[in-house]
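Welcome! Here is a short tour of one protein model, taken topic by topic. Keep the picture open as you read.

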Amino acid sequence: MIKKLAALFAIAAAAAVGFVLCGVYFAYDVSAETPEDVNAVSTSSAVRAADRMELLCCGEVSCAEISMERSAFRTDFYPREPDSVGRFRNYDGPKADFVPVLMYHYFYDEYYQKPTKGNNSHSIQSVREQLQWLWQNEYVTLTMDELYEWLCGNIEIPAKCVVITSDDGQDNFFEMLQPELHKYGFMATSFVITSKRKNIPYKLTLPNVELHSHTHNMHKGSVEAGGIPDNRGMMQGVSVEEGVKDLKTSSDILGGSRYFAYPYGTYGGNSKEILRQAGFRLAFTTTPGLVRRGDDPLQLNRQRIFSSASVNEFR
């Protein structure tokens, strides 16, 4: 008798724990269904979560099936195709005439951190609002391969397209922005100074992000004759051979990157020849403006997002 009671108690306890865990799970699932802050749960989403919990309790659906549904939903906003451009091969809707390439740098949480990089510091709370606005207004985020193929005229893309980039490859990009990108199904590129960053092989496996080159060890100011440093960047003063060696090292570390952002946004000297010989396809400056077909692929504009930008200004 005691053994039977103990068994019944164990079953009841397991069911209770499962119910609580599923409740926590569904609370998280709500944010996946309506990409918005987890704390801002809509009534309709709560109803959908409650409906699925009822099905679960009745045995009509399993936790595994719900998990698969959640996983599929979180990645089917703008899925990455194996050939990287497959989703646009037959696109025949309103077509883009230009693409904004957004530029960020450093991310911080305004609740417990202070900005340390002036206009290059971005509150993750503000960035979250910007991503939500993009999602609500049905924007598509492009991969670098997709932008390249569009510039070459090989594919058409929707009129509402944007590229998200961030320079320097700081850890806060991966700790703060990457989870937000995953929530909204967006893609972004981190341009990485490979000699200064750790755990790159792991970061290359993260979903919703691409890692591309910001040089291996040339993100430095050059030195003029007379020993006076300037801000034009070391890349403009090195030999082609030395520059190619640096960029090939960076590309190899990043798994074969062919996309680049100029240190300090400046180019000149041997910069473009270095990129050509190192096999790079596109290179980005910090010159404000849009990207259009016919632009120099090694001198593309970007739109800097200032730390003070509100959602209204972001639009």
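A polar contact is a pair of N or O atoms within 3.5 Å, and within protein one of them must be able to donate a hydrogen and the other to accept it. Keep in mind that this is a predicted model. With that said, let us begin with a glutamate, then visit a helix, its neighbour and some aromatic rings.

**A glutamate in a strand**

- Glu210 sits in strand 7, which covers residues 209–213.
- Is Glu210 buried or exposed? Its relative accessible area is 10%, so Glu210 is buried, because buried means under 20%.
- The side chain of Glu210 has a partner: a polar contact of 3.1 Å joins it to the side chain of His212.

**Helix 4 on its own**

- Helix 4 runs over residues 124–136, which makes 13 residues.
- From its first C-alpha to its last, helix 4 reaches 18 Å, close to the 18 Å expected at 1.5 Å a residue.
- An α-helix has 3.6 residues a turn, so residues three or four places apart point the same way.
- The buried residues in helix 4 include Ile124, Val127, Arg128, Leu131 and Leu134. Gln125, Gln130 and Trp133 are buried as well.
- Just after helix 4 comes Glu138, with a positive phi of about 65°.

**Helix 4 and its neighbour**

- Two packed helices are described by the angle between their axes and the distance between the axes.
- Helix 4 packs with helix 6 (residues 171–184) at an angle of about 20°, and their axes are 11 Å apart.
- The crossing of helix 4 and helix 6 is right-handed.

**Aromatic rings**

- How many aromatic pairs does a search of the whole structure find? There are nine.
- One of them is Phe191 with Phe284, a tilted pair with 5.8 Å centre to centre and 45° between the planes.
- Phe191 belongs to strand 6 (residues 188–192) and Phe284 to strand 9 (residues 282–284), so this pair ties together parts that are 93 residues apart in sequence.
- Both Phe191 and Phe284 are buried.
- Phe260 and Tyr262 have ring centres 5.4 Å apart and planes at 90°, so this pair is edge-to-face. Phe260 and Tyr262 are both buried.
- Tyr104, Phe107, Phe173 and Phe174 form a cluster linked by ring pairs.

Conventions. Residues are numbered from 1 along each chain as its sequence is written. This is a predicted model: local features need pLDDT of at least 70, side-chain atom pairs count only at pLDDT 80 or more; totals for chains, interfaces and linings use all residues. Side-chain values use heavy atoms; hydrogens and water are left out. Helices (H or I, at least four residues) and strands (E, at least two) are DSSP runs, numbered from the N terminus. Buried means under 20% relative accessible area, exposed over 50%, partly exposed in between (1.4 Å probe, protein chains only). The expected span of a helix is 1.5 Å times one less than its number of residues. Rings of Phe, Tyr and Trp (its six-membered ring) pair if their centres lie within 6.5 Å; planes under 30 degrees apart count as stacked, over 60 as edge-to-face and the rest as tilted. Axes are lines fitted to C-alpha atoms, for helices over the stretch in contact, and angles run from 0 to 180 degrees between N-to-C directions. A crossing is left-handed if the near helix is turned anticlockwise from the far one by less than a right angle, and right-handed if clockwise.
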